Amino acid sequence: MPTLIKREADVVVVGSGPGGATVARQLARAGKKVILLERGKDYRRWALYGTYPGAMTYADHLGLLFTKEGLSIIRPLMAGGATSMYCGCAARPPAWLKEKYGIDLDRQVDETMAELKIAPLPPELRGAASTRLAEAANALGYEWTPLLKFVNPIRVREGGFDCGAKCMLGCRCGAKWNAAEWVDEAVATGCCEFLTEARVDEVMVENRRAVGVRGRWKGQRIEIGAKVVALAAGGIGSPLILKRVGLARAGQGIGMDTTVMVYGASKFPGNGYEPPMTYEWANDEVGYLLSTLVDPWLNYLIMTALKGPRYVSLWPRWGRTLGVMIKLKDDLSGAVESERDISKPFTPQDQKKLDHAAALAKKILVKAGADPDTLFITPMRGTHPCATVRIGDLLDRDLQTEIENLYVCDASAFPEPLARPTVLTIIGLGKRLSELLLRGMQE
């Protein structure tokens with residue numbers, strides 16, 4: 001049998017995305033002993049980080065993870081979690097989170113926005129094609145506004161700001177914030193141990209109280225005793241861990257913020273060369289978000305191939321393609337049964353939302369100069385697996401499960417899909433949870 005490694009900590013955190021990184025940093029800063037476990041590796045300094053081969057390496061199932069219904073799911077497995085392959089977008093928590101569920105994150109979010117200098121990109125960096133799309137939408141009577149970004153051009157490394165569609169594969173110029181930076185800060189306190197390539201098999205429970213985790217670390221068995229266990233393994237990972245501890249309803253119903261792109265060719269350079277998602281408009285009445293986005297050129301080929309053979313011929317038009325992203329507030333449906341058994345049916349109500357959003361996106365594209373004969377909609381993908389361990393169902397307002405001292409702090413805790421960028425809300429939840437835990441430890 002492999003060697004059994006034993007560790008002890010005040011808190012063990014599973015997952016180094018925005019939720020896990022936030023909890024680890026906040027507690028380590030307060031002098032608590034934290035062990036942070038990450039299933040993937042830290043690829044940030046790898047030569048292939050931010051490239052197509054790199055993204056295939058650290059995306060789950062080489063980036064080819066699909067539900068039973070054929071919905072593509074993007075799930076990075078590496079230090080920093082989802083912030084290693086995101087558009088660097090920020091959005092304040094939706095008002096309904098406080099009004100309907102009593103979760104007030106305003107103070108934590110304000111603090112984070114000030115610390116990370118979250119703001120829209122300056123006008124000159126938003127992109128000519130993206131700006132043209134926003135102006136076309138405004139001319140049609142829809143008030144598109146610049147989107148808040150975790151992207152600060154002042155941070156760029158030597159070589160300058162270089163953010164285009166390809167930065168969704170991983171930021172190579174250094175302008176985009178990554179949650180792994182907060183992991184680095186946690187480790188620098190001397191109170192946090194960060195273990196990569198660590199997979200949690202089970203939460204240890206005694207008398208309905210979590211007392212640690214067991215799993216594997218680089219081929220060895222590992223057992224970590226802790227006063228508190230905080231799961232931040234994401235909308236797919238966290239419910240699967242909870243199933244193994246006996247919470248059978250975990251993973252029943254899943255939101256994806258189901259996303260499609262509507263594309264059209266123009267006579268001018270498209271917005272694939274520009275930072276993604278620099279403008280947005282939300283239709284909260286119907287339930288969707290529109291923004292400016294074109295897939296990276298190889299991803300564009302993959303999506304057209306999934307659409308059908310005749311669409312592959314559109315690949316040479318990538319450079320002059322205008323793209324509008326549709327992100328739906330989709331219905332909770334389906335289930336996460338295992339990493340290879342995920343179901344996410346598309347409901348009739350979802351289809352109505354998509355039809356409404358697609359009709360408007362096409363109008364905007366044509367107004368911005370896209371040829372009407374070249375318009376098409378990509379296959380659907382799931383960008384934010386969420387709401388699988390929901391507040392008000394399996395979690396209380398403090399993010400605690402029915403098992404004492406077992407908490408969840410990631411997108412799986414959302415009571416509903418946000419249809420918004422999720423990272424700032426998750427950070428807010430992480431800071432709020434950290435405050436609650438520290439108060440409990442002092443009592």
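**From the surface inward**

Modeller: Phe 66 is partly exposed, with a relative accessible area of 30%, and its place is in strand E3, residues 65-66. Please keep in mind that this is a predicted model.

Biologist: Which residues form a nonpolar patch on the surface?

Modeller: The patch is formed by Met 56, Leu 62, Leu 64, Phe 66, Ile 302 and Leu 306, and together they have about 530 Å² of accessible area.

Biologist: Changing topic, which residues of helix H6 are buried?

Modeller: In H6, which covers residues 180-188, the buried ones are Ala 180, Trp 182, Val 183 and Ala 186. Seen down the axis of H6, these buried residues fall within an arc of 150°, so they line one face of the helix.

Biologist: And what covers the buried residues of H6?

Modeller: The cover includes helices H1 (18-29), H4 (106-116) and H10 (423-442), along with strands E2 (34-37) and E8 (192-195).

Biologist: OK, salt bridges next: what is the count?

Modeller: The count comes to 37 salt bridges. In one of them, the side chains of Lys 227 and Asp 10 meet at 3.4 Å, N to O. Lys 227 lies in strand E11 and Asp 10 in strand E1, so this pair ties together parts that are 217 residues apart in sequence.

Biologist: Is Asp 10 buried or exposed?

Modeller: Asp 10 is buried, with a relative accessible area of 18%, whereas Lys 227 is exposed, at 53%.

Biologist: Where is the partner of Glu 339, Arg 75?

Modeller: Arg 75 is in the loop between strands E4 and E5, 264 residues apart from Glu 339, and the two side chains meet in a salt bridge of 3.8 Å, N to O.

Technical notes:
Residues are numbered from 1 along each chain as its sequence is written. This is a predicted model: local features need pLDDT of at least 70, side-chain atom pairs count only at pLDDT 80 or more; totals for chains, interfaces and linings use all residues. Side-chain values use heavy atoms; hydrogens and water are left out. Patches are made of residues with over 30% relative accessible area and no salt bridge: like charges are joined within 9 Å, nonpolar side chains (Val, Leu, Ile, Met, Phe, Trp, Tyr) within 5 Å. Accessible areas come from the Shrake-Rupley method with a 1.4 Å probe; for residues, only the protein chains shown count as cover. A salt bridge is a side-chain nitrogen of Lys or Arg within 4 Å of a carboxyl oxygen of Asp or Glu. Helices (H or I, at least four residues) and strands (E, at least two) are DSSP runs, numbered from the N terminus. Buried means under 20% relative accessible area, exposed over 50%, partly exposed in between (1.4 Å probe, protein chains only). The arc is that of the directions from the helix axis to the C-beta atoms. Contact means heavy atoms within 4.5 Å.
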